[in-house]
Amino acid sequence: MAKRPNPRALRAARTYTIEEAATALDVSTGTVRSWVKAGLPLMKSQRPFLILGDTLRSFLQERAANGKVTLQADQLYCFSCKAARTPMGLLVDCIPQTPKTARLLGLCDVCGGTCNRMIGKGQIDQISRIFNVAMKDGPTA
Ligand SMILES: [Zn+2]
């Protein structure tokens with residue numbers, strides 16, 4: 001069975017090139033490129049394209065949860081509960097990640113931990129009809 005990359009090998013505040021991310025996670029660069037194709041956001045403001053450690057970590061955690069957890073329209077994914085949760089008060093921060101994607105952050109209504117969801121910017125209208133969204137500045141805002 002293939003070993004699952006460990007998101008904790010990444011440092012949240014650092015940026016990685018595709019090669020560096022592959023080395024940190026002990027996977028091939030082809031694997032990292034396949035994540036990019038599957039929706040992992042890249043910071044394209046400079047070359048080589050960079051991946052924020054925190055973004056990659058969230059991506060891998062969501063991916064590990066995929067198939068086990070289906071998020072309803074009003075739910076985020078809680079890292080502590082490892083389950084879909086409704087954020088407290090339906091309050092979420094919307095943090096731009098790339099020109100096309102953003103991340104929603106809220107507080108789990110069960111454990112009070114951080115819950116998270118990646119969205120396309122095109123979904124923001126729809127999302128703001130469900131949640132109380134606070135727009136934040138992000139890495140590429
Ligand atoms: Zn929770």
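Reader: Hi! How many positive and negative side chains does the chain have?
Author: Hello! In this predicted model, the chain carries 20 positive side chains and 10 negative ones. The centres of the two sets are 6 Å apart.

Reader: Thanks! And how many helices and strands are there in the chain?
Author: There are four helices and eight strands. Following the sequence, they come in the order β-α-α-β-α-β-β-β-β-β-α-β. The radius of gyration is 15 Å, close to the 14 Å that the globule rule gives for 141 residues, so the chain is as compact as a globular protein of that length.

Reader: What does the C-alpha trace span along its principal axes?
Author: About 40 × 35 × 25 Å.

Reader: Nice. What share of the residues count as buried?
Author: Of the 141 residues, 39% do. As for the accessible surface, it comes to about 8000 Å², and carbon and sulfur atoms make up 49% of that.

Reader: Let's pick one residue. Where does Asn116 lie?
Author: Asn116 is part of strand S7, which covers residues 114-120.

Reader: Is Asn116 buried or exposed, and why?
Author: Asn116 counts as buried because its relative accessibility is 0%, and the cut-off for buried is under 20%.

Reader: Which residues does Asn116 touch, then?
Author: Leaving out residues up to four places away in sequence, Asn116 touches Ser58, Glu62, Leu76, Tyr77, Phe79, Arg103, Leu104 and Leu105.

Reader: And what joins the side chains of Asn116 and Arg103?
Author: A polar contact of 2.4 Å joins those two side chains.

Reader: Back to the whole chain: what share of contacts with a separation of 6 or more comes from residues 24 or more positions apart?
Author: Such residues account for 50% of those contacts.

Methods
Residues are numbered from 1 along each chain as its sequence is written. This is a predicted model: local features need pLDDT of at least 70, side-chain atom pairs count only at pLDDT 80 or more; totals for chains, interfaces and linings use all residues. Side-chain values use heavy atoms; hydrogens and water are left out. Helices (H or I, at least four residues) and strands (E, at least two) are DSSP runs, numbered from the N terminus. The radius of gyration is taken over C-alpha atoms; the globule rule is 2.2 Å times the number of residues to the power 0.38. Buried means under 20% relative accessible area, exposed over 50%, partly exposed in between (1.4 Å probe, protein chains only). Contact means heavy atoms within 4.5 Å. Accessible areas come from the Shrake-Rupley method with a 1.4 Å probe; for residues, only the protein chains shown count as cover. Lys and Arg count as positive and Asp and Glu as negative; His and the chain ends are not counted. The place of a charge is taken as NZ of Lys, CZ of Arg, CG of Asp or CD of Glu. A polar contact is a pair of N or O atoms within 3.5 Å; within protein, one must be able to donate a hydrogen and the other to accept it, and residues adjacent in sequence count only if both atoms are side-chain atoms.
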